[in-house]
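Me: Please go through the structure below with me, one question at a time. I would like each reply to end on the name or value asked for.

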Amino acid sequence: MQLVLVRHALPERVAVAEGRADPGLTELGHRQARRLPSALTDVTVARVVASSQRRAIETAGPLVESLGARPVIDERLAEYDADQGYYIPIHEARERMPEAFERIRAGLLPDFVDEGAFRRRVLEAIDAVVGQSSHADTVVIVAHGGVINVVLQDLLELPRPLTFPIDYVSISRVLVSRNGTRRVASVNETAHVRDLLVR
C-alpha cells in the first residue's frame, strides 16, 4: 500500500484569549489546496485521513469533494502546537519568534513539546491507518509539517525530529510492503504548487 502524506496549505496567523488557536486557510492557502486533486491523478485514493485541525480539514476539502467522499478525522495527527493559543506561520516566525524559529531550523521541536508523547501518538495514528488498509490501498493523510517529519524520522532513523523543510501542500510518499516493511519513496514533492509557495 501507499501512504501519501500531505502538509496543510497556508493558514492564517491567529491568537486567541482563551482555548486553542485553530486557524483556517488564507486565500492563498485555498488556492494551494485546490491544486491537490490534480497532483494525485497518478493514484486511486482509497480514503483520506485528516488531522482534526481546521487547516488540515480545509486542505483536504477539494480532494474529498473530487472523490465524492468524506475525510476520516484523527486527532492523533494534530500538530505539536495544537494546544497553543496562537499560531504563526513559519515564514513569519523568523521575525516574530526568532528563538523558536532557530530551534525549528536546527531540527528540534519547540521546548514546550513532549517529544516522546508527540511521536508516540503520531506513529500510533499511522499504524492504525496501515492496519485498516488493504495491500492495494493508497491512503492520503493530510496533516502537518511536524507530523510528517516525525514519520520520516522514524522510518529513516534520523537523529532529529524536524529534519526536512516540508512545504505547504507538499507530498511525501511511504510504501508499505505485504510483510509490513515501510520505506520512504519521496519527500516534499512540490511541483504542483511551486508557483504558490511562500518563502
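**Strands, helix and pockets**

Arginine 47 has its place in strand 3 (residues 47-51); helices (H or I, at least four residues) and strands (E, at least two) are DSSP runs, numbered from the N terminus. This is a predicted model, in which local features need pLDDT of at least 70 and side-chain atom pairs count only at pLDDT 80 or more, while totals for chains, interfaces and linings use all residues. Residues are numbered from 1 along each chain as its sequence is written, and side-chain values use heavy atoms, with hydrogens and water left out.

Me: How far apart in space are arginine 47 and serine 133, C-alpha to C-alpha?

Reply: Arginine 47 touches Ser133 as well as Val72, Val129, Gln132, Asp137, Thr138, Val139 and Val140, not counting residues up to four places away in sequence. Contact here means heavy atoms within 4.5 Å. In sequence, arginine 47 and serine 133 are 86 residues apart; in space, C-alpha to C-alpha, the figure is 9.4 Å.

Me: Which residue in strand 7 is the bridge partner of valine 6?

Reply: Strand 1 pairs with strand 6 (residues 138-143) in the parallel sense over 6 bridges, where two strands pair if DSSP finds at least two bridges between them. In that pairing glutamine 2 stands opposite threonine 138. Strand 1 and strand 7 (residues 171-176) pair in the antiparallel sense over 5 bridges. In strand 7, valine 6 has as its bridge partner isoleucine 171.

Me: Why is strand 1 largely enclosed by the rest of the structure?

Reply: In a regular strand the side chains alternate between the two faces of the sheet. In strand 1, Gln2, Val4 and Val6 point one way and Leu3, Leu5 and Arg7 the other way, and all are buried. Buried means under 20% relative accessible area, exposed over 50%, partly exposed in between (1.4 Å probe, protein chains only). Strand 1 is largely enclosed because the number of its residues that are buried is 6 of the 6.

Me: Is histidine 8 buried or exposed?

Reply: Histidine 8 lies in the loop between strand 1 (2-7) and strand 2 (14-15). Leaving aside neighbours within four places in sequence, histidine 8 is in contact with residues including Arg55, Tyr87, His144 and Val169. Because its relative accessibility is 1%, histidine 8 counts as buried.

Me: What is the relative accessible area of valine 169?

Reply: Glutamate 157 has a positive phi of about 55 degrees although it is not a glycine, and valine 169 has one of about 60 degrees. Glutamate 157 is exposed, with a relative accessible area of 72%. Valine 169 is buried, and its relative accessible area is 0%.

Me: Which element gives the largest share of the lining of the largest pocket?

Reply: The largest pocket has a volume of about 1000 Å³; on a 1 Å grid over the protein atoms alone, a pocket is an open set of points where a 1.4 Å probe fits, with protein on both sides within 12 Å along at least five of seven lines, and lining residues have an atom within 4 Å of a point. Grid points are joined across faces, edges and corners, and a volume is the space filled by probe spheres set on the points. Of the 39 lining residues, the closest to the centre are Arg7, Tyr80, Ile90, Phe101 and Ile104. The largest share, 6 residues, comes from helix 5.
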